[in-house]
Every structure is written in structure tokens, then in C-alpha cells.
Amino acid sequence: MGRYRWLTLIGLIGFVALLPTSLVQPAVRYRAYVSNEYGASITVLDVATDAVIGTIPISGRPGEVRPRGMAVSPDGRIIYVALSDFQPILEVPEDKIVAIEVATNKVVAEYRVGSNPERVALNPEGTQLWAANENAARATGFDLETGRTLGEFQTGVEPEGVAVSPDGRFVYVTGETSHTVTVIDAKELRPVKHFLVGHRPRFVVFSQDGSKAYVSAEIGGTVSVVDAKAHRVVETISLGLDSRPVEMALSPDGKRLYVAGGGTSAVYVIDTATNRVLRTIRERMGRRPWGITITPDGRKIYTANGLSDSVSIIDPESLSVVRSVSVGRGPHSVVIGVVR
Amino acid sequence: MPKSVSLTRRQVLALGGSALFLRTLEGWAQGEALRIGAVLPSRPGSEWEARAAEALRMGLEMARDEYGENAALLGQRLDVVLREARDREAASQEAERLIRQEEVYALVGGLGGQAEALMGVAERLRVPFLNVGDPSDRLRNEGCRRYAFHLEASAAMYLDALAAWFVQAGFRSWFLVYPEGREGQALYQRARKSLLERHFGAREVGRAVVAPARPDFRPVLEALRRARPQAVLLLLGAEAQLSFLAQYEPLGLPTQVTGFPYPETQTRAFFAASRARARRAGAGYRAVLWEAKLDAYGARELNARFLERYRRPMDPSAWAGYQSVKILYEAAAFGGGPEPARVRAYLENPQTVFDVHKGIGVSFRPWDHQLRQSLYLVKVSPEAQGVWDLATLVGELPAIYRPGTDPVERLDQIGDLRRESRCRFGGEGWGATAG
């Protein structure tokens, strides 16, 4: 028996030696980035421990310069942060997108993508930035490779949410005040459709297969389910008039949609097969969860809680808050970066 | 139909708007022109009314441009046709012309005492009318009309809010000053109700009735000195409020003075005049429908756009003008088209929700067509040099963030409830003013 054990061990060692290098590399490490709207900073958390491992100052003028929406490069290595100020009528030098390298937590680039950018999105190739320019009723596309603006496109009134379809073809921009979504063809660079959704649409997210988009409506208390091929609302999920849905995150398998219920200090969990609310998470939630994201492995959900200056960490299995972590002032959004 | 877990009243409210919207997408013909008519007073009764009318015009124009661009994206065209009228009769004629010749699908107006006349025309020709300038409770009760909707807050709402703010701040004893006549008496009675029935501990320690045209405040001031109230409420017009303040100031009494917030008394121009006439007493607390410094719920952006466009703060009448176009445009967009009957049905549907930059979905009360909404309390600055800093936002009522409570019931904390309403649309409650 002893000889067989040795043979087995030798065989295993040989098998491992023959494996492709990528399969034996250490697992990737995730970091959560939280934009602190009133602190003018980004708080960085180690997802493995949920410890704060750094704070990246964005401006020396907290309370004046406001980091809000964020996007992540396809490889997870760069975080893009939309910056503006509290004077939406003016285009100021702070109106820009900054790029933070996850490995070093340093700001490595800055881009001018129109005035008063509130949220930002990236195309799947990571070559285009799209920003919603809130004060100007415009969305701006920016080519990261050439450093040139792709175009400015009229949107509904007070654009906010912006997302690029998984095939990179369409950009959806929500108009908060006009209750609309404007669809921009990112290849032909022209608006192709404008349609009504719920009242005060804040955020839009595409399903991984690109067949659907979900649009949250804060005042309407709804999530519109959009046929992302026909650009048409096909179903409306009601969360209640006072549910105040804002940011949303889809689980990696696309089976659950997590919706941050800002003013109600709740997170709504929606089954995307039935479009029914499975659970409303309120216990131990921070106050005014505005941003929400889920780790790429689907094991943790993070909310950015604007009024409690904290992040709540939710276990997707038990659908309960398992931890709260203090971050900077006025957390707005949270995204996950990857250290490889 | 949307799917949901067991539907609560709140969910039904949200869901209704969504369902209507889905119908709209199929039903609204491309290229259809949407025309809204607005009637403004051409000869305002005072400088203050002129300021409010100017602000109203600005709000209407800004909304016309913003929603016009939005309509263009949807393949539509939106026009706001502005007309002026010197008096009520002229307002009626202009309204009729707007409906018959310009083919507007809805009317806006009501400043300068023209609301009732416009309501009459709207009712007769069956076109929705949005009152943006008259808080009279009578128009929401005996004088109510099926086609009339009130974006301007009712007197009952203003008085309930004022009573709540002041009584909760410790002002318990009140002196009420009101003008002779039916409207003055109604305001006085409603103010008493706000103080005595809704706020345990508040009491009336004196009152005075004055002639509305040339009020003589000397006996009032003498009565006030004897009564020693903690607060004085002037249920008077703009000029009379200013006149009172000028005569009151030299007395040096510590009593807080506030005035009924007619639209013309909510402008920063009026606040400046109030402070100029009475440096101390004129720098008190005022109830307003909107405040240019409101900084949440998208209000910051709206206020900023207005400031950029007109280089002046968004006075409440400007906000009302802007929201009137937004509401009527949305009623056509979400309600299935601009046919007046369809628009009216959408406006009065209790499931309909509007977003008016106040951070909570609002709706028209089905029993009197009054828009439920929050009101604001501002403090007039005694020191401010510029127009912008003349007022500071200090209160909001009802508070909109109270998770776990019904938002409709939350908003109904101020104003008359269904059981108190004397409005009977098309029924026995119609008074002599029916058009």
C-alpha cells in the first residue's frame, strides 16, 4: 500500500507540473472602491478581509468636488471615477473622469468627458468611456485610445444612469426629470431611440447576455425591464411607491437583481426569472444605500451608504448584512477592482 | 401587467402609472403637436404680483424649452402658448381663444385672481386647467370643478404647515389679522382650525378685522400690545402685509410676525421689501411653495439651470410654471395622448404619480384635485446683501423620509382631508360660481 501511495503522489506532482501556468497561479484578489461624494476621496477595501486598506484623495476640496459614479475596465485593473462639483451650472476643471490603477491605487490618468459628469460607463473592449452630463442634457462618448471625444448626444432632462450593452453596440442614458432612456448607437454614433420608463430613472444595467436592461425609477418605485434589442419596456416590476430604487447589480449568473433602495435604507432582491421580489433586506443596513455592487465571484454584495458613511456587506446566500465598515463622507457608489 | 408580491396600496399606486405608461407607448401617434395654453395677468394689481407673474412666465418658458427638446426626441412637438389678460373677463376670452383657435389641450394660469374665471371656461369647454396662482380653499370646495387641478398649494395646506412649524417651535399664543369679506373670514376660520384643532396647546389671544383696501392698523396694534401674543399671522394681501410691518416695527415688540403666503408674497423681491419696511420684524419666517436653495432630490440641478438661464433665483411662481408644463406634458405622454378627457383622467387617477423635484412622488387628491406636496419654511435674512442670500431654507413639511409609512398619508398631513371636503364634482355641491 505504501508503494502505491508514493506512486500516486508522484503522479499528482507530475500532473500539476503539466497544468497550464494560469491554472496554478494564485487566485485574483478583489478590492472594493467606494466613492465618497462629500469627502472627495475613494476608500479602498480588501474584499478578502473587508478591511480598509487605503484612502485615495481625489481633491483637496472636500464638500466642493464630488466623486460619484464609477466604472471598471473589463480586466478589472482600472477604476474610472466621475468627478464634478456642487455648482452644476458651471463647467469647472474638476468636471472630469479620473482613472485609478487598482494595483497601485494611484490616479494614472484624467479625461475631460463633458460638463458635470454624474455617472460613467465603459464599453466591453475598454476603449470607450461614456458619461452622463447632468446639467447639459447630454451624454458624451470618449475614445480612450485616441484621446478624442466621440460625440455629444442630446438626452432627456438631467441625464444620470449610463450603461453600454455587452456587445458594445448601444449606450443607454436615463433622463431623471423626463423619465426617459435615450439609446445611442455607439458604432454609428447617433441616437436611435428615446423612450419613457418610470419616474426619475436613476440607473441602468444590462443583463450579461445583452437581451435585457433594467432601469430603476426612484420616484416611481419601479424597475423597468427593457427588451434591449427592440429598446422597449416589456415589464415593470413594482417595488412600492416609497421604495426609492437607485443603483442595481446583477449576480454573475444573472439570476438575481440587487436593488439599492436609497431613501428607505433597504436592498431589494429580485428573481430575474419571475421578476418578483424575493426578499427585502433592511436589518442592519446602513442609511441611504445609494450604490451597490457584487463581487465577480458572486460571494459578497457591497452597498455604499450615503447617510451613515459606511459600507454594508451582504451575504448573497443568507441575504443578510454580515458586516458594516466605516468609509469616507457620503458614500455614493461602490465597484470591485481586481489585482492579478 | 407588472408582477409583484402581494400588492400594498403603495405598490398599487406605483404600478398604476407604469401600466398606463405601457399603454402610452403604443397609443401616442408620432408627429402629434402638443399645445398648452397659459394666461397671465397683463395688469398685475401690484409690483409684487408683477414679479410673481414674471417668474411664472420664466418657469413656463424654461419648461417649454426643456420638454420641447425632450418631445422632439420622441418625435413630438411641444408648444406653450402664452397670453395676457387684464382682468377676469379678458382672461376668460383669452382662454376660450386658446382652446378654440390654438387648440391647446390644457390651460395654465390663476395669478391675479383669474383662477375662477379660467376654471369656468375650462369646465365649459372640457379642457384641463392647472391653477398655479390661487390658494383659495373655496376653489377646492364649493367652487371646485372637474376639469380644474391645483398645483398651487391650498390655503389649508399653508395654514397647517405654518401652524405646525410655529407651534412646534414654541409659539403657542396667536393674534390673527384678516380682511373683511368672505375670503378673509374663511382664512381666519381655517387658521383657527389649524391652530386650535390640530395643535394641542395653541390658542388664539386676539384677532382683528381690517378693511382690505386701506387698512388702518392703529387699533390693531393697540389690541396686539394688550394681547401680548407670541406670534402674529397676517391673513392679508401683499401690500397690507408690508404696511402692517412698517407700522409694527417702531413698537419694538418681540412678537414674531408672519404673513399668509400668497404667491406674490413668496418672491425674494417681496422679502427684500419686507425687510426694508421693517428691518427686524420683516426678517422673519415665511412659508413658501418652493425655495431656490433647496439642494436635494434633483432640486439643486433645477434651481441651477434656472439661475443660469435667468440670473435670478427660482421663485415659487417660476417653479409652479415649470412644473405645470412638466405635469401636463407627462399627462399627455404617459396618459395615452393629449385628448383633454384623457389628460383629465390621467391627472385625477389616484394611481398617477408626478415627480416635481420635491423628492417624493406626488399626486392630485381625488376629492378636490389638490396636488399633495411638501411646503418649505424660509428665514428672511436681516443682513444679506445679495438677492440669493435673502432667504435661507429652514424647514420642510411634511417630512418626506419616513420609511415604513404610507407616502400619500404622509403628504396628507397638511390640508383638508376627504371627510372635510365640500367639493362635489358635478354634483350638489356646485355653488353659484359654476361656469
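How much area do chain B and chain A bury between them, and what share of it is on carbon and sulfur atoms? In this predicted model, local features need pLDDT of at least 70 and side-chain atom pairs count only at pLDDT 80 or more, while totals for chains, interfaces and linings use all residues. Residues are numbered from 1 along each chain as its sequence is written, chains are lettered from A in the order in which they are written, and side-chain values use heavy atoms, with hydrogens and water left out.

The two chains bury about 3,900 Å², with 59% on carbon and sulfur atoms; buried area is the accessible area (1.4 Å probe) lost when two parts are put together, summed over both. Contact (heavy atoms within 4.5 Å) links 51 residues of chain B with 46 residues of chain A.

Across this interface the rule finds 3 salt bridges, each a side-chain nitrogen of Lys or Arg within 4 Å of a carboxyl oxygen of Asp or Glu. The side chains of B:Arg305 and A:Glu158 form a salt bridge at 2.9 Å, N to O.

Turning to chain B itself, its C-alpha atoms fill a box of roughly 70 × 50 × 45 Å along the principal axes. Buried residues (under 20% relative accessible area, 1.4 Å probe, protein chains only) account for 62% of the 435 residues in chain B. What share of the contacts in chain B between residues at least 6 apart in sequence joins residues at least 24 apart? The share is 71%.

Note on methods. Buried < 20%, exposed > 50% of the residue type's maximum accessible area, 1.4 Å probe, protein only.
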